[in-house]
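Hi,

Here is the structure I promised to pass on. Have a look at it first, and then read my notes below.

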Amino acid sequence: MPVSSPPRILAPQTGAAVRLGCGDVLAIIDTAGGQVADLALFSAADVTESFSTGRTIDYLERIKLRVGDALYSQRSEELAVVTRDDVGVHDMLLAPCSQAMFARRREFGHASCHANLTTALAPYGIGADAIVATLNVFMDVRVDADGCVTLHPPPSRPGDRLELRALRDLVVGITACSSELTNAGRCKPVSYQIQSAAEL
Ligand SMILES: [Zn+2]
């Protein structure tokens, strides 16, 4: 019985949720290149505890993640640690794309990360309003000296990956981001793979 799951592919503009045991490693893989994946992390023991971008930026004293960095919850607990990063470009400033966000652009009924996360996380008792902060993997958001924010195409190439080791039991929502604007004009798939702590 293998303890490592085979890679799973998320079709463009879709999402999934996975359960990680403490010590398991989750790999997010950009299958085609130039594609963002949003991650929403929750403590499995109490899903009201979740990843906080604000706490993480506060404790890291920067907005860029590096290998060895922890992702913190709003209760200042370490949820996961970065163990591999092929790209070095991820966003912790923007919220996941949502149907309301697309409606502001008069794109109604558009698929979105927020809706896909809501559907995927519902079986774990996590509702739409609990999905606030995400780690936007491979997303290139830049802040200039005046504080203005600009979006650039994801620099990730096919096969590039970000790996996180769970530091407690987690529920993690994953998307292949639905925004054409974020993904250089075309939404593409994302793959993920879980390596069990028993195998490491
Ligand atoms: Zn998105």
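**What I found**

A hairpin joins β4 to β5 through two residues (strands are DSSP runs of E, at least two residues, and helices are runs of H or I, at least four, numbered from the N terminus). This is a predicted model, so local features need pLDDT of at least 70 and side-chain atom pairs count only at pLDDT 80 or more, while totals for chains, interfaces and linings use all residues. Residues are numbered from 1 along each chain as its sequence is written, and side-chain values use heavy atoms, with hydrogens and water left out.

Ser43 stands opposite Asp46 in β5.

Arg75 lies in the loop between β6 and β7 (78-85), so the pair ties together parts that are 26 residues apart in sequence. Glu49 is buried, at 5% relative accessible area, whereas Arg75 is partly exposed at 38% (buried is under 20%, exposed over 50%, partly exposed in between, with a 1.4 Å probe and protein chains only).

The structure holds nine salt bridges. Another one links Arg105 and Glu107, also at 3.8 Å, N to O. Through shared partners, salt bridges join Asp46, Glu49, Arg75, Glu77 and Arg168 into one network.

Best wishes

Definitions and conventions: Two strands pair if DSSP finds at least two bridges between them. A salt bridge is a side-chain nitrogen of Lys or Arg within 4 Å of a carboxyl oxygen of Asp or Glu.
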